[in-house]
Amino acid sequence: MKQSTAIKEEITLFKKTIEAFAKREIEDYYSTWEKEGMFPKELWKKLGDAGLLCVDIPEQYGGLGAPIHFSASIIDEFSRLGYNAVSGNIAVHSDIVAHYILNSGTEEQKARYLPKMASGEWIGAIAMTEPAAGSDLQGIKTTAIKNTLTGEYVINGSKTFISNGQNFDFVVVAVRTNLDVPASRGTTLFIIDAEQNGVTKGKKLKKIGLHAADTSELFFEEVIADSSQILGEINQGFMTLMRELPRERTALAVGACGAMEGALEITIQYLHEREAFGKPLSQLQVIRHKVAEMTTEAKVNRAYVNHCLELLETQELSPADASIAKLSATEAQGKVVDGCLQLFGGYGYMEEYPISRAYTDARVQRIYGGTSEIMKEIISKDILGK
Ligand SMILES: Cc1cc2nc3c(=O)[nH]c(=O)nc-3n(C[C@H](O)[C@H](O)[C@H](O)COP(=O)(O)OP(=O)(O)OC[C@H]3O[C@@H](n4cnc5c(N)ncnc54)[C@H](O)[C@@H]3O)c2cc1C
């Protein structure tokens, strides 16, 4: 399905709205938020008021019912502008958690959570990773044990590296509910509210990049959950995770494309302004070729990621294709922002130059949402069999 000219024009206009929002609500505050280690809850409310959260959720649940390209544009544009902490945390909220609930939630869960997510009143998080289990999610140790008398579940365990880990109002958490079978058949997702007894947000983790994003540990101690808090089927949590991963990975790849293009934009501008040996850097052939190479990398990835978005819209995107997009775009992002920083010389290493932020923010893209090595596992299994 090729995008019509009308939709393309609407997306261009929508991106301008996002840029104007960023200028108004983010630009002057972002470096303060970086120092504080997170952006404030009020920004979520403003994002909601501006119609920039959960835009592809149906209108009956508070969204705009827009095609996926609009949701992707939000990640894309905030990444292009260098506000990767905002784009990443929005992606968790709007592109991951909201779709888990939309696709697997009961009517009651959808009605309870989605409208408040779209308005920015409630912020969502997802907690899979544990201190001893990241890539190998089958190794998670957090449990939800059923009390046969009350029918309620008691959750104990800890999670780490949780995005929106300080600001979240509720979290979708993966726990073991049957220890007698492999985790793939004994894991369940629960929706747990931050205010529930026994839920403790741990410390805000200090990272080498994404300084304005709150990433935290999370503890569950004797948390009581009833069966209405189960998301999807009992013991079928892995099925839900697997179903949602292509979307999560495409969102990360979209962010990578936006970030690459943004890094190239500021670099090209700098190359025209900065002089060496009597002429602008943009006149030196070796630099011109470097820019040509990096632009090629960015454009080729953009084309593939757009292709994946089209497939996602029609629910035809395979896990392997999403992994190819994530692997290729995030690896390219790493190379491109590194190459761009090099062209700034010593200034590229200075915090006041946005290219330094693009560089440190980019590093995690090859790690979270499944590492590059895990992407290669998925792709190679698809090609060569298990
Ligand atoms: C800033 C940030 C935000 C995050 N947000 C969230 C979040 O919101 N929710 C959440 O649940 N998690 C989140 N994560 C966790 C993230 O998804 C994990 O860090 C990631 O999946 C890797 O797991 P790990 O850190 O345990 O590394 P490990 O799994 O220990 O991997 C260590 C190394 O071994 C490699 N490796 C592992 N297995 C294999 C294999 N089979 N073959 C080849 N190589 C392999 C890995 O690729 C990696 O290089 C976040 C992480 C960060 C840094």
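Modeller: The protein has eleven helices and ten strands, where helices are DSSP runs of H or I with at least four residues and strands are E runs of at least two, numbered from the N terminus. This is a predicted model, so local features need pLDDT of at least 70 and side-chain atom pairs count only at pLDDT 80 or more, while totals for chains, interfaces and linings use all residues. Residues are numbered from 1 along each chain as its sequence is written, and side-chain values use heavy atoms, with hydrogens and water left out.

Biologist: How do you know that the radius of gyration agrees with a compact globule?

Modeller: The rule is 2.2 Å times the number of residues to the power 0.38, with the radius taken over C-alpha atoms. For 386 residues that puts a compact globule near 21 Å, and the protein has 21 Å, so the two agree. The C-alpha trace spans about 80 × 50 × 40 Å along its principal axes.

Biologist: What share of the residues is buried?

Modeller: Buried residues make up 53% of the 386. Buried means under 20% relative accessible area, exposed means over 50%, and partly exposed is in between, using a 1.4 Å probe and protein chains only. The accessible surface comes to about 18,100 Å², with 53% of it belonging to carbon and sulfur atoms; that is Shrake-Rupley with a 1.4 Å probe, and for residues only the protein chains shown count as cover.

Biologist: What makes a set of residues a nonpolar core?

Modeller: They have to be buried Ala, Val, Leu, Ile, Met, Phe, Trp, Tyr or Cys, joined through side-chain atoms within 4.5 Å. The largest such core has 72 residues, and Ile26, Leu47, Phe78, Val86, Ile90, Tyr100 and Ile101 have the most contacts inside it. Helix α5 (residues 84-104) supplies the largest share of this core, eleven residues. Apart from it lies another core of 20 residues, including Leu264, Tyr270, Leu281 and Val337.

Biologist: Which residues does Tyr100 touch?

Modeller: Leaving out residues up to four places away in sequence, Tyr100 touches Gly105, Ile126, Met128, Val172, Leu189, Leu231, Thr240, Leu241 and Glu244. A contact here is heavy atoms within 4.5 Å. Across the protein, residues 24 or more positions apart account for 73% of the contacts with a separation of 6 or more.

Biologist: Why is the pair Glu34 and Arg357 called a salt bridge?

Modeller: A salt bridge needs a side-chain nitrogen of Lys or Arg within 4 Å of a carboxyl oxygen of Asp or Glu. The closest N and O atoms of Glu34 and Arg357 are 3.0 Å apart, so the pair falls inside that cut-off. Glu34 lies in helix α2 (residues 30-36) and Arg357 in helix α10, so this pair ties together parts 323 residues apart in sequence. Both residues are buried.

Biologist: How many salt bridges are there in the whole structure?

Modeller: The search finds 20. One of them joins Asp76 and Arg302 at 2.8 Å, N to O. Asp76 is in helix α4 and Arg302 in helix α8, so that bridge ties together parts 226 residues apart in sequence. Asp76 has a relative accessible area of 6%, so it is buried, and Arg302 counts as buried at 13%. Lys15, Asp76, Glu261 and Arg302 are linked in a salt-bridge network.

Biologist: Why does Cys54 count as buried?

Modeller: Its relative accessibility is 1%, so Cys54 counts as buried. Cys54 sits in the loop between α3 (41-49) and α4 (68-80), and has a positive phi of about 50 degrees although it is not a glycine.

Biologist: What makes Gln315 exposed?

Modeller: Gln315 comes in at 76% relative accessibility, so it counts as exposed. Phi of Gln315 is near 60 degrees, a positive value in a residue other than glycine. Gln315 is in the loop between α8 (285-313) and α9.
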